[in-house]
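Dear colleague,

Please find the structure below, together with its sequence. My notes on it follow, and I would be grateful if you could read them with the structure open.

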Amino acid sequence: MDEHERELWRCADAVLDELLDLPAAERETRLLGLIADETVRARVRRLLAAHSQPSGPLDLPPPALMLPAAALSGQRLGRWRLHEEIGRGGMAVVYRAVAEDGAEGQVAAVKVLTLGSLAQLGRERFLREQQALLRLRHAYIAALYDAGVSADGTPWLAMEWVDGEPIDRWCSRHGLDAAARVRLLLQVCEALDCSHRNLVVHRDIKPSNVLVDADGRVRVLDFGIARTLDGEQPRTRTQLHALTPEYAAPEQFSAAPPSTAVDVYGAGALLYKLLAGVPPRQGPQQTVVAPSRALRTGIGGQPTAEQRQRLHRLRGDLDTIVIKALAERPEDRYAGVAALAEDLHRWLDKRPIQARPPSLRYRLGRFAARNRWQVAAAAMAVLLLTAGIAGTVWQMRKARVEATRANALAEESQAQLDYLGSLLEVLAPSTEESREIDRAKLLAEATARARAELGARPRVLASVEVSLGLLAEEIGDYARAAELFDSALVRRRRLFGDESAATAEALAASGAARERLKPPQPEEARRRLQAALPVLRRQAPDSPQMIRALGATVDVLANQDRYPEADALLEEGLNLCDDRLAGQDSCAWFWTMAGSYHERLMRPAQAAALYERALQVRRRLQGPHHADTLAVTSRLALVHANAGNLSRGLALLEQVVASQQRIYIRPTQQSLATLQHLSRLLALSGDTERGLVLNDEYLRQMRDLFGADHPDTALGHAERGGLLFTEARFAEAAVAYAESKRAYLATGGEAGAAIAEGNYADALREQGQAQQALPLQLRTLDTMQRLFGRDSPRVAGRLSSLARTEAALGRHAQALAHYDRSIAVHRRHVREQGASASGGAYVAAWRARSLLALGRASEAEAEARRSVALIGAETQPNPRLQGEAFAFLVEAACHNHATDCAALRRKALAELQRPIPGVAKLRLRNALASIDD
């Protein structure tokens with residue numbers, strides 16, 4: 001078959017997918033509208049006939065273009081056993097498949113390509129491109145697991161199995177409004193932006209390639225047959241990818257080289273479909289009209305009230321954004337999907353978009369749309385929303401109510417409202433200031449004005465200072481918050497004395513702020529909070545102020561490892577929220593803090609239950625996108641991930657990080673906590689490189705915000721050590737652990753310092769310094785047992801580390817005793833907390849090595865096999881744990897002359913060629929070396 005003939009078949013194949021989605025009776029009419037060339041039409045009809053009659057006459061395309069038969073079910077491609085066919089199109093057949101090697105039981109969607117792909121690209125280029133795509137990882141991208149070419153020349157791709165629904169159908173079924181549809185499209189933009197930064201263009205964004213799962217998370221499919229931008233230009237029009245005419249960019253019909261502009265068009269076309277209900281064009285020559293016009297045409301008669309509202313939302317900026325994304329010439333579109341996403345965020349926030357001229361009238365109109373108010377109470381919300389602080393409205397309103405209740409002075413409430421309403425004058429009629437107000441400057445002006453205008457009314461001024469202090473905390477200006485609380489405390493003491501709920505409120509707020517100063521003042525924080533609690537118990541026992549003071553004190557005590565005292569106060573707060581204050585925002589805050597406390601003590605079941613309660617209240621009172629709701633979502637994501645649902649946790653955290661970056665101009669303790677959580681989960685997923693990048697950013701921002709001597713900064717260094725250890729960079733890990741220990745000691749965190757010292761000892765052992773590591777391991781174990789009890793999971797971790805150090809010194813009998821005790825604690829934790837079984841299985845894999853060293857080869861092999869099976873049974877196995885456990889299995893099985901030794905050895909060699917954690921590679925190399933010896 002010559003090149004011309006092959007091109008005819010490729011053109012025919014390019015439209016086959018769309019025709020197969022239509023009823024058979026409609027295909028011929030659609031074909032006549034799509035293709036003018038009768039020779040191409042004839043080949044399309046042959047492909048349709050082959051699809052309809054796969055076992056019929058031999059009137060089929062050439063073998064290189066034939067569709068795979070259903071008989072592939074049951075066959076094996078790579079490590080995947082194909083099961084039932086789940087999808088079929090013009091360019092591929094998709095099967096559900098199950099892994100038989102590696103993560104046995106893992107389910108994937110295996111796509112068997114049917115274009116003459118190797119004839120077009122060549123085997124080496126196909127495999128090279130797939131290797132690049134294997135590294136493409138993002139929460140909104142369905143991952144490519146494997147790719148290869150079978151012995152008979154069949155190219156195939158194994159992709160993540162996604163249980164979802166096409167995005168357009170999902171939107172329709174849930175009745176989403178325009179804003180919700182735009183938010184889903186923004187997830188698609190994040191995925192595409194990630195791929196573009198990795199030099200990959202998708203080229204076929206359409207509804208069937210974008211699924212939404214039960215959590216409302218988008219998953220973009222078919223990156224496995226995308227194109228890489230590596231400088232080598234394609235030789236054909238469609239390559240491995242059959243374009244979809246209704247969603248394809250104009251240049252795709254003229255064999256133009258792939259570029260990111262194609263995906264900008266694809267994202268715009270997908271958004272058009274979500275908003276208007278139809279694709280932007282029915283063919284390459286049709287003119288694109290505004291989405292609102294297309295929707296109005298589709299409605300036909302008189303629109304309903306709901307339809308009129310939808311049309312109103314589309315007209316104007318949203319129409320403009322979509323039309324720019326769908327511009328005929330690539331250079332007239334957005335410069336990238338990130339620029340498109342930025343304008344969509346602006347539309348959601350009612351800010352001026354970049355796609356239209358920035359006239360003064362237009363920008364003022366956008367400003368007015370963002371800031372409507374009806375009564376004096378709403379003036380406070382206007383102040384905050386204009387500053388772009390969506391996450392502080394509820395806090396300010398709550399602070400006003402709580403201050404009024406504490407003082408029992410009704411006129412103070414009105415006075416604060418009058419004052420805050422007058423602050424609208426701070427918003428000068430400058431468009432630039434109105435569009436991007438400096439929050440810190442606004443706070444400074446508000447504080448100065450309050451003190452100038454309310455100096456003669458100290459009770460009112462003190463309440464305003466508390467409100468502004470809460471606002472300062474929300475935006476991360478902790479020094480200003482502390483100064484405002486201190487000033488309010490002085491005024492209230494002078495007015496009411498120390499035996500006043502109002503004074504105690506200011507004292508507790510002032511104390512809590514001490515933990516966030518640079519450097520922090522933990523002892524002074526505890527002293528002030530513990531002085532405020534007795535007064536609040538007497539004067540305001542059932543108040544939100546009491547709940548907040550209890551929660552802040554628990555947090556301070558936990559940071560100082562004073563757990564018995566913290567437990568008593570935690571119980572007191574939980575009883576209040578279960579009884580008289582249930583459903584209030586202050587209890588949602590307390591439940592979030594309590595969940596974090598239980599996480600610290602490795603009690604995931606209790607933590608998850610508290611987070612769920614908090615999330616329910618946050619969503620009801622503040623909505624899903626409020627800053628406080630996002631903070632709870634971030635914590636819950638971490639619990640999900642630690643319980644084995646890593647993909648769900650990662651997806652939630654990616655969404656939270658993106659939302660928080662839009663809410664906060666400067667980092668806050670909440671936004672930094674989310675960044676740290678995401679770094680940790682990326683490492684668990686195997687993406688240690690990105691985890692280290694985020695950890696660097698976390699540490700930089702944390703040092704800027706709180707300084708080098710802060711518990712959260714110390715935690716960042718500890719996390720960095722773990723990331724480096726995972727990559728077998730033990731010397732660098734030791735440095736990070738040492739810095740973590742120093743920072744913890746500087747802040748009085750005995751537990752954190754002990755854990756960091758134990759991890760430092762692990763790094764020493766891995767560098768051949770087990771003798772120096774041993775006393776450090778013993779000291780860490782003693783500290784953990786004293787602080788957390790002998791049956792704590794934290795103790796189990798230290799026992800395992802001690803055992804490995806004993807084994808490194810040749811003391812395998814002692815090591816076995818420590819392993820056994822560690823495994824027993826892990827198993828109890830699984831039963832009682834529903835924790836992942838991987839931790840105990842990982843310890844058992846190390847135990848197998850000591851059994852082998854003691855000559856108990858059969859026991860060692862059985863233990864290793866059980867460990868590998870348990871870790872592999874997780875929904876998403878930890879790559880590091882899985883890799884290390886498999887290395888120990890190879891070592892034990894081959895030393896025991898198992899029948900599958902050769903197969904295990906081959907698999908180990910193959911694993912070394914894959915992107916797995918560095919420490920897993922190290923264990924595999926050592927295992928293979930021990931066999932060869």
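Where is the place of Trp161? Trp161 sits in the loop between β6 and β7 (165-166). Please note that this is a predicted model. Trp161 has a relative accessible area of 34% and is therefore partly exposed, since buried means under 20% and exposed over 50%. Together with Ile86 and Val107, Trp161 forms a nonpolar patch on the surface, and the accessible area of these residues together is about 230 Å².

The strands come next. Strand β4 (residues 107-113) is mostly covered, with six of its seven residues buried. β4 is joined to strand β6 (residues 155-160) by five bridges, and the two run antiparallel. Within this pairing, Val112 has Trp156 of β6 as its bridge partner.

An open sheet is formed by three strands in the order β7-β9-β10, with antiparallel pairing. Because β7 and β10 (218-220) stand at the edges with a single partner strand each, one side of each is left without a neighbour in the sheet. Three bridges link strand β9 (residues 210-212) to β10 in the antiparallel sense, and Val210 stands opposite Val220 in β10.

Finally, I would draw your attention to Arg491, which belongs to helix α20 (residues 478-496). Arg491 counts as buried because its relative accessibility is 19%, and the cut-off for buried is under 20%. Leaving aside residues up to four places away in sequence, Arg491 touches Arg451, Pro458, Leu461, Ala462 and Glu465.

With kind regards

Definitions and conventions. Residues numbered from 1 in each chain as written. Predicted model: local features only at pLDDT ≥ 70, side-chain atom pairs only at ≥ 80, totals over all residues. Heavy atoms only, no water. Buried < 20%, exposed > 50% of the residue type's maximum accessible area, 1.4 Å probe, protein only. Helix = DSSP H or I, 4+ residues; strand = E, 2+ residues; numbered from the N terminus. Pairing = 2+ DSSP bridges. Contact = heavy atoms within 4.5 Å. Patch = residues over 30% accessible without salt bridge, like charges linked within 9 Å, V, L, I, M, F, W, Y side chains within 5 Å. Areas by Shrake-Rupley, 256 points an atom, 1.4 Å probe, with all protein chains shown as cover. Salt bridge = Lys/Arg side-chain N within 4 Å of Asp/Glu carboxyl O.
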